[in-house]
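Q: I am new to this structure and would like to learn how to read it step by step. Could we go through it together, beginning with the chain as a whole?

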Amino acid sequence: MSARRTEYARRKGYASAASSKQRGLRKPPSTKNRIRSLQRLLKKAQCEEQKEALREQLKQLDKKMKTNRQKELERKYATRYHKIKFFERQKVRRRLRSVTKELARVEGKKKGDSDSVEEQDALLERKRKLEEDLAYIDYYPKGVKYYSLFGRSQGVDDPKTEQLRQEMRVRALRSYEDAKVAAQNTAAMAKEEEMKKPASDEGSARRASEADEDEAEDESEEPDEEDEEADDEIDTEDEEDDEEEDEDDDKKDARVQEEDGFFLKARTK
């Protein structure tokens, strides 16, 4: 393999044949090749249990291959019609904005005028059709050829194309209605969960506060052993202080008596 092709393969993320061969790697077989191999094994199999197992594998691989084909087709059409859908979506949105402004202007007029009522009804019908056109673009079935809303630039489409467009329109609007119902159900479920959540939080908070109050009452009713020991130590210290004070008082009284006796002897002399 040339250096140029190797560099191209490296940029694209492909493994070159030479490097794969050197590493001893093999490309995994495709789903189609696996189906062919199982079909050959099924022809050669003689045991009924083995045949049943091979048929089950073939069924799963066939389903997988159909899913892969559908995804590939959806990817192909999404890429092909992306630009057409984008321009049509922009065109429909501009028309929808214009109709909405016109409708607001008509609704601002005096009520009771027959002309304004008819004009308002016509604008509402036009707005409804434009909203359906927008849903047609956004919810068009995947994996199906896209039939443009505005048809050819010159002339009118043939009846067959128009019939196919109407069929796709019905399918797109059905998908739009299903998506709208699903969104409403999701919003309702979320609202119910929000309504339940505060009640449960309030109940848990109330239970927590009650538990704290019970613990406080228990602590106030049952003194701790540490507090009792501290009280005993304080009582013993008070008793020791009282004894020391009594001893000091006795010593003072004895000293006073000695002094009084000394003075009496001195006077008698």
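A: Buried means under 20% relative accessible area, exposed over 50%, and partly exposed in between, with a 1.4 Å probe and protein chains only. In the protein chain, 16% of the 269 residues are buried. This is a predicted model, in which local features need pLDDT of at least 70 and side-chain atom pairs count only at pLDDT 80 or more, while totals for chains, interfaces and linings use all residues. Residues are numbered from 1 along each chain as its sequence is written, and side-chain values use heavy atoms, with hydrogens and water left out.

Q: How many helices and strands does the secondary structure of the protein chain hold?

A: Helices (H or I, at least four residues) and strands (E, at least two) are DSSP runs, numbered from the N terminus. Here the protein chain has eight helices and zero strands, giving the pattern α-α-α-α-α-α-α-α along the sequence.

Q: At what angle do helix α3 and helix α4 pack?

A: Two packed helices are described by the angle between their axes and the distance between the axes. Axes are lines fitted to C-alpha atoms, for helices over the stretch in contact (heavy atoms within 4.5 Å), and angles run from 0 to 180 degrees between N-to-C directions. Helix α3 (residues 31-44) and helix α4 (residues 48-80) pack at about 160°, with their axes 10 Å apart. Angles under 35 degrees count as roughly parallel, over 145 as roughly antiparallel, 65 to 115 as roughly perpendicular and the rest as oblique; α3 and α4 are therefore roughly antiparallel to each other.

Q: Which residues of α3 and α4 make the contact?

A: Among them are Ile35, Leu38 and Leu42 of α3, together with Leu54, Leu58 and Met65 of α4.
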